[in-house]
Amino acid sequence: MNNARAQEQVLSGPTLEQIAKGDGLALCAAGSWTARFAPALEQIVAEAEKLTGSRPNIFIDVSQVSKLDTFGAWLIERLRRTLTHGGIEAQIAGLSANYASLVGEVRRVEPAGPPAASESAILGVLDRIGRAIYGVGDTFFALIGMMGAVLTAWLRVFVRPSTFRLTSTVHHLQQVCWNAVPIVVLITFLIGCIVAQQGIFHFRKFGADVFVVDMLGLLVLRELGVLLVAIMVAGRSGSAYTAELGSMKMREEIDALRTMGFDPIEVLILPRMIALVIGLPILTFLGGMAALYGGGLVAWLYGGVDPEAFLSRLRDAISINHFLVGMIKAPVMALVIGIVACVEGLAVQGSAESLGQHTTSSVVKGIFLVIVMDGVFAIFFASIGI
């Protein structure tokens, strides 16, 4: 009988009765003040908060509350804070020992400060620009720091060749170069075909079909070949480097290497950098040859330029300098891609979201810097007459 009455009391809805006591006012809470009755409690407390300033003395009696959880305790505390005015603090009375600690914990929660004034659109834009510039500075110094660390590790390996990790370098060279040959050759072959077809289509209007050979040779060997291959490597190998290093960072494998006395730059990053610097020029050469072959095939089948005339015109249009320009660009771009990928990989925090963000950032920054470096090289070689 007593258990049934107690259960009925626990399940009863919440109430808040107002009882006048002289010049004061008592708010007597009863029933179950839990999240189960959240809508009713919100309405009850909102009505009671309108009493602010109506009486000099207001206290909240919770002796009849049958059940109280964190939600109910917070509403009672919120009501107390709202009713407190003019230096007179509303009191909470009748707290049982079971609920006193809960209300005390809720009371220690600091109220939220006033909402910040809405900033103007211009200030918001300036703030974002400033943060972006600050981020660019951070990225620049991180890249410089990684370049210095890689150079230092290379000098240590040069002084002590026995510490060079040949097996790891060969493994990464296979991943970066050998496994990428099919996709690189296929894409550069198609690009060569497209450039040749479009060139012939437009040059034919002026009766200058043969000049497509000059355009194709210069574009492929100087600019298009190395740029396309570098962009593909940044998207393929750069993202892989970032994901691998980021996963190691999340699993604390890099910290374990430091604990065992190994330098992560020398163990993890240097073999990857060497593989990129060796692999990208090889891929650039293969990609350039595939693009020239595709362009020559289209020039023969679509433009009527037979292979002998194509090769003869190609020898007259290009020189060894054009080939060297592309080969000089390739290792520098490989170095840029590797440094960006490793910096982003080591910046990963302990979450999958961070890994995805830094992998995306690695690809975007790598491609952007590759294009910037291509422009810098173009200006440099034009200034020295190559």
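Ile-129 has a relative accessibility of 43% and so counts as partly exposed, a class that lies between buried (under 20% relative accessible area) and exposed (over 50%), with a 1.4 Å probe and protein chains only. The model is a predicted one, in which local features need pLDDT of at least 70 and side-chain atom pairs count only at pLDDT 80 or more, while totals for chains, interfaces and linings use all residues. Residues are numbered from 1 along each chain as its sequence is written, and side-chain values use heavy atoms, with hydrogens and water left out.

Ile-129 belongs to helix 5 (residues 121-159); helices are DSSP runs of H or I with at least four residues, numbered from the N terminus. Together with Ile-122, Leu-123, Val-125, Leu-126 and Ile-133, Ile-129 makes a nonpolar surface patch of about 590 Å². Such a patch joins nonpolar side chains (Val, Leu, Ile, Met, Phe, Trp, Tyr) within 5 Å, from residues with over 30% relative accessible area and no salt bridge, the latter being a side-chain nitrogen of Lys or Arg within 4 Å of a carboxyl oxygen of Asp or Glu. The areas come from the Shrake-Rupley method with a 1.4 Å probe, and for residues only the protein chains shown count as cover.

Turning to the aromatic rings, a search of the whole structure gives five pairs. In one of them, the ring centres of Phe-377 and Phe-381 are 5.8 Å apart and the planes meet at 15°, so this pair is stacked. Rings of Phe, Tyr and Trp (its six-membered ring) pair if their centres lie within 6.5 Å, and planes under 30 degrees apart count as stacked, over 60 as edge-to-face and the rest as tilted. Phe-377 and Phe-381 are four residues apart in helix 13 (residues 352-383), and are therefore separated by about one helical turn. Phe-377 is buried at 12% relative accessibility, as is Phe-381, at 5%. Ring pairs also bring in Phe-380, which forms a cluster with Phe-377 and Phe-381.

Two arginines sit over tyrosine rings: Arg-204 lies over the face of Tyr-302 at 5.2 Å from the ring centre, and the charged end of Arg-272 is 5.6 Å from the centre of Tyr-241. The criterion is NZ of Lys or CZ of Arg within 6 Å of the ring centre and within 35 degrees of the ring normal.

Finally, Glu-252 stands in the loop between helix 8 (211-250) and helix 9 (253-259). Glu-252 has a positive phi, near 60°, although the residue is not glycine, and is exposed at 53% relative accessibility.

Technical notes:
Helix = DSSP H or I, 4+ residues; strand = E, 2+ residues; numbered from the N terminus. Patch = residues over 30% accessible without salt bridge, like charges linked within 9 Å, V, L, I, M, F, W, Y side chains within 5 Å.
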